[in-house]
Amino acid sequence: MSTTPELAILNPVEEVLRKDRIPTIWCPGCGIGTTVNSFAYALMGTGIDLKKTAIVSGIGCSGRVSGYMALDSFHTTHGRAIPFATGLKLANPELNVIVYSGDGDLTSIGGNHLVHAARRNMDLLVVCVNNMIYAMTGGQAAATTPGNSMSTTTPYGSFEPEICLPQLVDACGAVFVARWTAFHVKQLERTMAKALKKKGFRFIEVVTPCPTLYQRRNNMGDGLAAMMDYKNSQQDQERRPHLRSGHGARRRYHRR
Amino acid sequence: MPKGSVAITAERCKGCGFCVEFCPTHVLELSSAFNAKGYHPPHMITAEKCSGCNLCGMYCPDFAIFGYKFPDLKGGKVGPA
Amino acid sequence: MTHADPRCVLTGTHFINGDAACCEGALAAGARFAAGYPITPSTEVVERFASRAPTVGGIFIQMEDELAASIALQGMVWAGQKSFTVTSGPGYSLMMEHIGLAAMTETPCVFVNVQRGGPSTGLPTLPAQGDMMQARFGSHGDYSTISLVPSTPQECFDLTVTAFNLAEQFRVPVMFMMDECVGHMTEKVVIPEASEIELYPRRRASKPPGEFLLFEPGPDLVPEMAHAGEGYNVYVTGLTHDNRGYPLMNPKMQRELITRQFEKISRAADQLTIVESEGVEGADVVIVAYGITARVSRRAIQMARDKGLKVGLLRLICVWPFPEKLIRELAPKVKALVMPELNMGQVVIELERCAGGKCKVISVPHPGGTVHKPADILEAIERGAQ
């Protein structure tokens, strides 16, 4: 059994993490950290110059990702990670600029910036961690909260349908659009690696569990239950493709 | 003879169980012991089955576990898959 | 101090408006990058910059709104460039969030506001000075910034350079508070040789990565700056942060950070007392004015002097921080301080506070749309002289 705290070899992802910032603020069963693993391996695997790589986040649980990465980290205002990243990239084109933020941040308050960065094909990689709720503020309905879901601001169920991000970003002209879940760690790593090597506006949505603030109010179990759901629904869809019209968030969208 | 093993930093663990569930060879189990924060970190129950594939490390949201392969006598390298 | 890059300085005598002069000032000050969003009456600045910037290796980007423009420029600054944005009332309101971010993250940059009548859409093409309190207190939370107010196109050039220099020296967002009259007024503007334009260089990190702390205050309480891509792994956050830049949210850190950010400005009160005074010695009444209103006041002063009144003019060039010491010294020596403003009485509140009851303080408010009638200011002078 290897439970000794002093390990002979370090966790490889620590190479790109700010070790003095761990433990993270994320809840048990939260999937944001899992997406960070895929991102870390993608960064290391592609061999891009980490000194020339900046990560920009907005506000929210996923907005804290930038602060855990041992890169040039910018934790900006709510919704404005993309325009900050736009300025960073324009003024120093040598930088690889990655925006890593949440669904509420990028698509509600920052929706206009997402639309226009895609339209102008700004050379950014945007990773949108979609936990379907405003989690940092205590579980309020977001633009990505599925219809009929319970949240603190929709105590009778949300009346509004959710937004489909890949279709939105695709319509705005993004050159690379992908969607995975936190269950698909290897696929996500490969997609991130591919996106890191590509130029232009690249968008990856990752659906993640939020056990504390989304699933608990909707009787959806813990983080592991959500991960199992992602796994099983993918297998369902592979067996019965006609079921793909459902929520859609759990299927891979498309890449080009 | 196991091909690899896992390293666990118990104090980082939040007991989500992702590593236990998604280990392809079912090597792990949440232990009954607590860490300082009151979570049950995983431990190996069938160490001989571990392939060192590091899927547990990919899933762990808290960077508390990772897998690594044992040195291959035929000239392989140490480190995660 | 360094000198301006001759390639970017349009040395010579020009007949241009204040907006154009502001753009040339920014270029002379070393700004190669700007983000903006069109809004009357400020648009001429970015139009000119959009045409001039590519000729000197710069970029202007028109963003989707002022929120985006005001943070994109901060991205440009953290990438190692000098940058600014230009707007007017409604856009300035949208930019408030990021003026707070710039103050919190100590990002040196310049926000130009060509003021127009408000509130709301108000008078898009007509002047006002109604954003003066917003320039000081508009963003949420406590912060201290610098606001400069030009009153001629020539000053639009000169003071834009000063605004960038102060931004670099103190690492604060500097508010450049023009108004529609000054912005659209065409006059002679003399742009000096590049070698005569002094620039305050970026305070770059003097220690190598590993030893350098991003928000460690220097002797003048201003930290040095490392940019993205320089290997420092900077961590910049709008949260209350420690010297490393890491979030540390407790009352002790808040006190340390915010008091330092105030003190770096308040310590330099003497340097930041930038005024022009004329006939203030021995005057019974002193007009305290800024921007276009100071020019209108000159006519009123002439009319009052013709009537034998002893009147002086104290023109505030740097309105924030307010020249408190100067006013405290001046108030006991005069009968009255008269403050005409193109607003319903904003900076006069600060004037009244600093005068401390030692003399009369007479406000000459004006809701904007045009400038004061000299006769209105004269009437206030006569009341003050009694």
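Of the 2 pairs of chains in contact, which chains share the most contacts? In this predicted model, that place is taken by chains A and C. The predictor assigns the complex an ipTM of 0.95 and a pTM of 0.94. For chain C the average pLDDT is 96, and 100% of its residues score at least 70.

The contact between these two chains is formed by 34 residues from chain C and 28 residues from chain A. On the side of chain C that touches chain A, two or more residues come from each of strand S3 (31-36), strand S4 (59-62), helix H3 (66-78), helix H4 (89-104) and strand S12 (235-237) of chain C. Among these elements, H3(C) gives the most, with 9 residues. Sorted by class, this side of chain C consists of 21 nonpolar, 10 polar and 3 charged residues.

Strand pairing also links the two chains. Strand S2 (residues 72-75) of chain A pairs with S12(C) in the parallel sense, over 3 bridges. Within this pairing, A:Ser73 has C:Tyr235 of S12(C) as its bridge partner.

The second contact to be described is that of chain A with chain B. Here 27 residues of chain B are in contact with 29 residues of chain A. The side of chain B that touches chain A draws at least two residues from each of strand S1 (4-8), helix H1 (18-22), strand S3 (42-44), helix H2 (55-59) and strand S4 (65-69) of chain B. S1(B) gives the most to this side, with 4 residues. By class, the side of chain B that touches chain A holds 16 nonpolar, 6 polar and 5 charged residues. Chain B and chain C, in turn, are joined by no contact, and their closest C-alpha atoms are 19 Å apart.

Chain A contains 9 helices and 6 strands. Of its 256 residues, 55% count as buried. When contacts in chain A between residues at least 6 apart in sequence are considered, 67% join residues at least 24 apart.

Chain C is divided into domain 1 (2-199) and domain 2 (275-385). The centres of the two domains, taken over C-alpha atoms, are separated by 27 Å. Contact between the domains involves 22 residues of domain 1 of chain C and 22 residues of domain 2 of chain C. On the domain 1 side, strand S7 (123-127), helix H5 (132-137), strand S8 (146-148) and helix H7 (180-184) of chain C each supply at least two residues. H5(C) gives the most to that side, with 4 residues. The class make-up of the domain 1 side is 13 nonpolar, 7 polar and 2 charged residues.

Which residues have the most contacts inside the largest nonpolar core? They are A:Leu88, A:Val127, C:Phe176, C:Leu337 and C:Val338, in a core of 235 residues. This core lies between domain 1 (2-199) and domain 2 (275-385) of chain C, because both domains give residues to it. In soluble globular proteins, nonpolar side chains tend to be buried together. One of the residues listed for the core, C:Phe176, can be followed through its surroundings. Leaving aside residues up to four places away in sequence, C:Phe176 touches C:Val110, C:Phe111, C:Val112, C:Asn113, C:Leu148, C:Leu159, C:Thr160 and C:Ala163.

Conventions:
Residues numbered from 1 in each chain as written. Chains lettered and ligands numbered in written order. Predicted model: local features only at pLDDT ≥ 70, side-chain atom pairs only at ≥ 80, totals over all residues. Contact = placed C-beta atoms within 7 Å. Nonpolar A, V, L, I, M, F, W, Y, C, P; charged D, E, K, R; others polar. Pairing = 2+ DSSP bridges. Buried ≥ 20, exposed ≤ 12 C-beta atoms within 10 Å, placed from the backbone. Domains from an automatic or database assignment. pLDDT = per-residue confidence, 0-100. Core = buried A, V, L, I, M, F, W, Y, C linked by C-beta atoms within 7 Å.
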